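Reader: Could you walk me through the pocket and the surface of this one? I'd like to start with whatever stands out and then pick at details.

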Amino acid sequence: MTGQAGADSLPPRMETKKNQTILALAGARAIPPLMIVLYHYSEGHHYTGLQWLDRITTRGYLWVEFFFVLSGFILTHAYAARLPDLLKPRGYLDFLRARLIRLYPLHLFMLLLVLAMVIVLRALAAAGGYVSIFDLPWHQDVSPKGFVLSLLLVQGWNTMDRLTWNGLSWFVSAEFALCLLFPALLWLTAPHKGQTWRGVALVAAGLGGLVLLLMGSRHGLDITFHNGVLRGLGDFTVGMGLAVIFRGVRHQRIPAWTHSVIQALLLLLLVYSVTRTGWSHTFNDIYTVLPIMGLVFALAFDKGFLAEALKTRVFQTVGEWSYAIYLGQTAWLLSLRFLKQRVFPAPDALVLGWRWADIAWWLEPIGLLIACLAWGALLARHVEIPAAAKLRARFGRRLDPKSIPTPS
């Protein structure tokens with residue numbers, strides 16, 4: 001994707017000597033939404049029984065932490081010098097408008113699409129004499145209240161007792177709340193020479209908040225409609241702190257091999273935490289979150305073997321689609337549930353000599369990933385990016401640097 005719209009979907013152009021986009025962070029966005037898709041499939045349909053794979057998949061929800069931390073990091077680095085503008089009423093409103101232009105169009109599209117699916121699938125169920133997937137147990141709320149709250153982007157502010165409509169949009173609701181708080185939070189990072197300690201304090205405060213949430217949670221950090229804003233605030237604060245630390249050390253000459261070593265160690269810590277700290281949805285989630293957060297900081301220097309891998313075209317392209325993949329997956333998760341109800345063979349049915357239940361876990365998630373990738377590409381190119389471009393043409397770009405992304 002070329003042109004201004006393509007640039008808008010990449011991370012901000014950090015104020016480095018060469019003023020180049022941090023491609024490693026742009027490419028890193030490709031991985032989390034795919035992990036989250038696998039997590040949602042497994043939670044809704046069952047796990048494989050292969051412990052190594054299930055331990056990876058069941059922690060997919062923790063990649064939301066990457067997006068919240070990335071959001072705090074990027075916005076802090078991009079807006080630190082514009083704090084005086086943000087603290088003025090006009091600047092504050094301009095900033096919120098700029099963020100809504102990035103967040104809202106795709107959210108609204110998916111909300112209306114889920115509404116259409118509810119209407120159509122309930123009509124088919126009524127005609128066929130069976131129960132719609134939207135009326136089965138353990139389904140997300142599709143009430144008028146949830147719809148209105150989703151329109152207002154407050155459905156994730158402890159206003160519902162479960163996920164509603166496009167359940168994934170709780171993240172957008174939490175992100176909007178963080179945007180409302182951002183100028184006040186940014187004031188805490190006001191750049192002053194020799195005050196990198198502020199970054200350390202913010203990281204500590206954010207981690208402390210997450211630990212407190214974990215102490216009162218029965219589901220680890222799988223916190224969404226209830227206290228999801230607090231979860232996001234903890235992660236976001238860590239990202240802001242990392243940005244302040246990065247601001248203090250980014251100009252130091254560090255050999256490329258040092259970055260590679262740090263990235264390798266973080267990956268090893270991530271593998272260890274997934275395989276050696278027990279099952280997910282417990283206090284031990286924090287041990288997986290720590291290396292995920294560390295990767296945001298390590299990749300911000302745009303050097304090292306992992307950074308170079310993430311600069312390749314595949315990661316850059318999928319990273320551009322990341323918000324659309326994340327928010328758009330609901331359509332395919334619902335479609336899959338309908339297909340399993342009305343189209344796919346029964347679990348014990350033989351297909352080419354194999355029990356359908358034995359092969360479905362592999363065929364269904366692979367197909368789901370392919371569908372979500374293709375759907376994400378269509379949404380990004382034909383809804384998200386064009387809508388943002390048209391809204392900017394109408395309202396202008398004040399306090400919206402060209403390369404500020406939608407943290408997804």
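Author: What follows goes through the pocket, a surface patch and some backbone angles, all in a predicted model.

Reader: How much space lies in the largest pocket?

Author: The largest pocket holds about 1,400 Å³ of space, and among the 40 residues lining it, Tyr39, His40, Glu43, Trp138 and Leu163 are the closest to its centre. Helix H3 (31–45) and helix H16 (322–342) are the elements that give two or more residues to that lining.

Reader: And what's the lining like by class?

Author: By class, the lining of the largest pocket is made up of 17 nonpolar, 15 polar and 8 charged residues.

Reader: Switching to the surface, which residues make the nonpolar patch?

Author: Leu50, Trp52, Ile56, Trp362, Ile366 and Ile370 make a nonpolar surface patch of about 620 Å². Helix H4 (51–57) and helix H17 (356–395) each supply at least two of the patch residues, with the largest share, 3 residues, coming from H17.

Reader: Where does Leu50 sit, then?

Author: Leu50 is in the loop between H3 and H4, and because its relative accessible area is 37%, Leu50 counts as partly exposed.

Reader: Okay, backbone now: which residue other than glycine has a positive phi near 55°?

Author: That is Leu352, which is placed in the loop between strand E1 (350–351) and strand E2 (354–355); at 82% relative accessibility, Leu352 counts as exposed.

Reader: What about the phi of Asn158?

Author: Asn158 has a positive phi near 60°, and Asn158 lies in the loop between helix H8 (144–151) and helix H9 (170–187). With a relative accessible area of 39%, Asn158 is partly exposed.

Definitions and conventions: Residues are numbered from 1 along each chain as its sequence is written. This is a predicted model: local features need pLDDT of at least 70, side-chain atom pairs count only at pLDDT 80 or more; totals for chains, interfaces and linings use all residues. Side-chain values use heavy atoms; hydrogens and water are left out. On a 1 Å grid over the protein atoms alone, a cavity is a set of points where a 1.4 Å probe fits but cannot get out, and a pocket is an open set with protein on both sides within 12 Å along at least five of seven lines; lining residues have an atom within 4 Å of a point. Grid points are joined across faces, edges and corners, and a volume is the space filled by probe spheres set on the points. Helices (H or I, at least four residues) and strands (E, at least two) are DSSP runs, numbered from the N terminus. Ala, Val, Leu, Ile, Met, Phe, Trp, Tyr, Cys and Pro count as nonpolar, Asp, Glu, Lys and Arg as charged, and the others, Gly among them, as polar. Patches are made of residues with over 30% relative accessible area and no salt bridge: like charges are joined within 9 Å, nonpolar side chains (Val, Leu, Ile, Met, Phe, Trp, Tyr) within 5 Å. Accessible areas come from the Shrake-Rupley method with a 1.4 Å probe; for residues, only the protein chains shown count as cover. A salt bridge is a side-chain nitrogen of Lys or Arg within 4 Å of a carboxyl oxygen of Asp or Glu. Buried means under 20% relative accessible area, exposed over 50%, partly exposed in between (1.4 Å probe, protein chains only).
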